2 protein chains.
Amino acid sequence: MRAPTLGGVLEAAIYVDDLDAAEAFYGDLLGLETVIRQEGRHVFFRCGQAILLAFDPAASRVPPGPDQLPVPPHGASGPGHVCFAAEADELERMSTALPVEGVPVEADFRWPHGPRSIYVRDPAGNSVEFAEPKLWEPSR
Amino acid sequence: MRAPTLGGVLEAAIYVDDLDAAEAFYGDLLGLETVIRQEGRHVFFRCGQAILLAFDPAASRVPPGPDQLPVPPHGASGPGHVCFAAEADELERMSTALPVEGVPVEADFRWPHGPRSIYVRDPAGNSVEFAEPKLWEPSR
């Protein structure tokens with residue numbers, strides 16, 4: 001088939017065991033807007049043009065009932081990964097501010113072509129990266 | 001701390017057991033540009049402003065060696081989820097073209113506020129959604 005025209009990644013998913021902890025981290029600490037929360041199943045956050053989906057996999061693995069929208073089940077175990085774009089001055093500020101909030105920086109380095117990434121863990125153990133968007137600029 | 005200014009989701013991650021199959025699906029079939037492939041560990045694709053990371057979790061769970069960049073390990077098991085933005089005409093075309101390519105449409109419906117989503121599985125079993133971007137427009 002002719003390749004479809006895709007407008008970008010609209011949703012990225014992570015899996016968490018505690019929606020309250022996820023909302024405290026992604027909402028309160030990182031400042032993402034909570035778009036919707038379905039108690040016991042998921043909480044979704046807006047970040048730029050995309051939505052970060054945080055699911056409790058014990059719930060998202062359950063197939064929908066006959067009276068529900070036929071959303072296919074999914075749900076992973078173990079630490080996932082997501083990366084947010086942040087400019088250099090924000091990375092510098094976060095590298096000192098996050099530890100003060102009890103979120104240690106697990107790694108902080110520059111890639112061979114220059115962009116900086118810092119990594120923390122969310123409360124569920126997912127690897128959360130903040131990176132300069134030039135990390136993936138096509139010109140590199 | 002003051003909430004950081006984040007520029008969006010720069011990377012979304014999925015886990016796959018077969019990098020060749022992932023590249024055939026995301027690269028050849030969906031037409032995403034392969035940005036980089038590290039044999040046995042990962043293949044990354046560009047989609048709009050974001051990068052889709054497909055990792056073999058058996059490799060990405062291995063902590064980096066002392067001579068490597070200190071990229072924190074991660075790796076999940078079980079079906080994950082990602083959603084790509086696609087306009088209505090593309091969704092309509094894909095809903096008939098994907099099954100011809102051996103990729104059945106698992107679900108195809110409109111959300112209560114109107115936007116359409118279609119869902120398929122990638123070769124690793126991840127739930128891959130294509131949705132109209134207005135699904136998440138703030139005005140809804």
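The C-alpha centres of domain 1 of chain A and domain 2 of chain A lie 19 Å apart, where the domain bounds come from an automatic or database domain assignment. That assignment gives domain 1 as residues 9-64 and domain 2 as residues 79-140 of chain A. This is a predicted model, in which local features need pLDDT of at least 70 and side-chain atom pairs count only at pLDDT 80 or more, while totals for chains, interfaces and linings use all residues. Residues are numbered from 1 along each chain as its sequence is written, and chains are lettered from A and ligands numbered from 1 in the order in which they are written.

Between the two domains of chain A, twelve residues of domain 1 are in contact with eight residues of domain 2, contact meaning that the C-beta atoms, placed from the backbone, lie within 7 Å. On the domain 1 side, β1 and α1 of chain A each supply at least two residues, and the largest share, four residues, comes from α1(A). Helices (H or I, at least four residues) and strands (E, at least two) are DSSP runs, numbered from the N terminus.

The two chains also meet: 53 residues of chain B are in contact with 53 residues of chain A. To the side of chain B that touches chain A, β1(B) gives the most, with six residues.

A sheet runs through both chains, with eight strands forming an open arrangement in the order β2(A)-β3(A)-β4(A)-β1(A)-β5(B)-β8(B)-β7(B)-β6(B) and with mixed pairing; two strands pair if DSSP finds at least two bridges between them. β2 (33-38) of chain A and β6 of chain B stand at the edges, each with a single partner strand, so one side of each is left without a neighbour in the sheet. From one strand to the next, the twist averages 20°, with axes fitted as lines to C-alpha atoms, for helices over the stretch in contact, and angles running from 0 to 180 degrees between N-to-C directions.

Where the sheet passes from chain to chain, β1 (residues 9-15) of chain A runs antiparallel to β5(B), joined by three bridges, and Glu11(A) has Cys83(B) as its bridge partner. β1(A) is also joined to β4 (residues 50-55) of chain A, by five bridges and in parallel, and here Tyr15(A) stands opposite Phe55(A). Helix α1 (residues 19-29) of chain A packs on the sheet, touching β2, β3 (42-47) and β4 of chain A, and its direction makes about 10° with that of β3(A). In chain B, α3(B) lies across β6, β7 (116-121) and β8, running at about 35° to β7(B).
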